[in-house]
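Here is a friendly briefing to read alongside the model. Please have a look at the sequence and the coordinates first, and then work through the topics below.

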Amino acid sequence: MTVNWIEILITVIKILLVQIILLTGVAYTVYTERRVSAFIQNRIGPNRVGPAGLLQPIVDVVKLLMKEDIVPNQANRFIHSLAPAISVGVALCTVAVIPFGDKIILFGREIKLQIASVNIGVLYILALVSLGVYGITLSGWSSNSKYSLLGGLRASAQMISYELSMGLSLLGIVLINGTFELDTIVLNQYGWKWNIILQPIGFITFLVAAFAETNRTPFDLPEAEQELVGGYHTEYSSMKFALFFLAEYANVIVSACIITTLYLGGWQFPYLQTFGISPMIMSILQILTFLIKAIFVVLFFIWIRWTIPRFRYDQLMSLGWKIMLPASLLNLVVTSIIVLLLKYN
Amino acid sequence: MDLSLISILFVILAVISIFSALMLITRKNPVTSALYLILNFFTVSGIYLLLKAQFIAIIQVMVYMGAIMVLFLFVIMLLNLRDEKNLTESFSFKKLTSVLLSITFFVLIGTTFYFGFSNINPSRQGVEEKTVEIGKATFLGEKLFTEFAMPVLIAGILLLVAIIGAVVLAKKKFDPVSPDKE
């Protein structure tokens, strides 16, 4: 086997670019969240640092880096430090299979705008989502505090419950496309054929499950301040706390990217091919389309957070097991019947 | 074997996997042991990837790391088992027998592999394409639901029985008059 160094170099550059964009995106999602929440609550929000407060994220990071890092006395030191790393690692790895655009030709070389084009893309996402539980469970346990443990347990129970309906609603898309590959799924969503139109119930169940998986309101019980102080990250300070914060917002962005890819047509701009533009401009337009769609989904996440109050815990569980799971099962059965009928007609 | 990227990766993964397996059975803290088991599963799924079995690798991560080990950790954490000093027992006759038995077992396996496969010399041609084909989900799905449909159905029924049993066990008191109380 010969190692193709140029291919490896291209992949490394892609990884670096995507991670830089993702991390900058996280910083500015936090800023946007604060500004939008201020707007919704009739306040002004951070506007002092830089023009319109645009440098606020940098100041926040510097502040967090300067803080003292405290590990509780009875805590398991190694696992206490490992937990935030797992959270962030999982959040940053998921982005690897998301296609940001079609193939682009640079310097006479065809480059795919996706870090890893694997034939199990959908399963990869589900597998990493199921690994995300570890960060939260371990942080809750290792802090040796009752609030953290309760928060961690709540988060894990919630994530395990909602994983099921998430996976089942994804199966509808897999059935329609007959593949796990995300680039093929995007390619099949040309014209008006976005999966949100073909799979409306699946879209709703996936969206609700995505909210529950990212622990955002109305499903933010793991960090319900009134009951649990801060939930699983009560005992974290300084940069370790910042890592949990980073993981949460990275998860929001990655979920937005996944929703865009699977249900909103990914980088497909409807009927762009009919305009007759040069391929280079078309690729740039496709990447922009993807980014704009993803930004809209992120704004939707923020909007929901500051509009809808939190569920009670029993309501959350009964919604997950009694409504979401049957709805996604029904969606799966109906989809498979329709796919079967279309195949034999 | 030539020193390609795949063999280097294999050696790294294999060393981590054996190391984590050893740590798993020697650590006293059950949570640490569970974490080493997770690391072990992770490296094994990496080895599956090197064998071009992407589907099996990801299923390994999803089922073992994502589902089973989460439940294991849950149980360990809720029982709050600290360092178990009682688990270390002194020399016993039972221990000696188990060591002897496991040595016999490994010798048997070793001889079987050594004499059973030494005279088979598989030609490498055509193997690469076949493994790529086998690793895909479509191939496994087709085989499972045509040739092996019956075992799949039986496994499904077994799992259903296990789920019903778990629900029955979880319901502590079965009161037919008022099922909501306790």
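Two residues are in contact when they have heavy atoms within 4.5 Å of each other. With that in hand, among contacts in chain B between residues at least 6 apart in sequence, 57% join residues at least 24 apart. This is a predicted model, in which local features need pLDDT of at least 70 and side-chain atom pairs count only at pLDDT 80 or more, while totals for chains, interfaces and linings use all residues. Side-chain values use heavy atoms, with hydrogens and water left out; residues are numbered from 1 along each chain as its sequence is written, and chains are lettered from A and ligands numbered from 1 in the order in which they are written.

**Chain B overall**

- Chain B has 7 helices and 0 strands, where helices (H or I, at least four residues) and strands (E, at least two) are DSSP runs numbered from the N terminus.
- Along the sequence, the pattern of chain B reads α-α-α-α-α-α-α.
- Of the 182 residues in chain B, 21% are buried; buried means under 20% relative accessible area, exposed over 50%, and partly exposed in between (1.4 Å probe, protein chains only).
- The accessible surface of chain B is about 14,100 Å², and 74% of that belongs to carbon and sulfur atoms. Accessible areas come from the Shrake-Rupley method with a 1.4 Å probe, and for residues only the protein chains shown count as cover.

**Helices α2 and α3 of chain B**

- The axes of α2(B) and α3(B) (residues 54-79) come within 8 Å and cross at roughly 175°. Axes are lines fitted to C-alpha atoms, for helices over the stretch in contact, and angles run from 0 to 180 degrees between N-to-C directions.
- α2(B) and α3(B) are therefore roughly antiparallel; angles over 145 degrees count as such, those under 35 as roughly parallel, 65 to 115 as roughly perpendicular and the rest as oblique.
- Residues of α2(B) including F41(B), F42(B) and Y48(B) take part in this contact, as do residues of α3(B) including Y64(B), M65(B) and I76(B).
- The contact of α2(B) with α3(B) holds 18 nonpolar, 3 polar and no charged residues. Ala, Val, Leu, Ile, Met, Phe, Trp, Tyr, Cys and Pro count as nonpolar, Asp, Glu, Lys and Arg as charged, and the others, Gly among them, as polar.
- N29(B) sits in the loop between α1 (5-26) and α2 (30-50) of chain B, and N29(B) is buried at 14% relative accessible area.
- N29(B) and I76(B) are 47 residues apart in sequence and 10 Å apart in space, C-alpha to C-alpha.

- Q56(A), P57(A) and L64(A) are buried in α2(A) (residues 56-66). They lie on the same side of α2(A), because they cover an arc of only 95° around the axis, taken from the directions from the helix axis to the C-beta atoms.
- Exposed L65(A) and M66(A) are on the face of α2(A) turned away from its buried side.
- The buried residues of α2(A) pack against α1 (5-40) and α10 (238-263) of chain A.
- α1(A) and α2(A) pack at about 110°, with axes 9 Å apart, so α1(A) is roughly perpendicular to α2(A).
- In the loop between α1 and α2 of chain A lies N42(A), which is exposed at 73% relative accessible area.
- Phi of N42(A) is near 60°, a positive value in a residue other than glycine.

**K293 of chain A**

- K293(A) belongs to helix α11 (residues 279-305) of chain A and counts as buried at 12% relative accessibility.
- Beyond its neighbours within four places in sequence, K293(A) is in contact with W194(A), T260(A), L264(A), G265(A), G266(A) and Q268(A).
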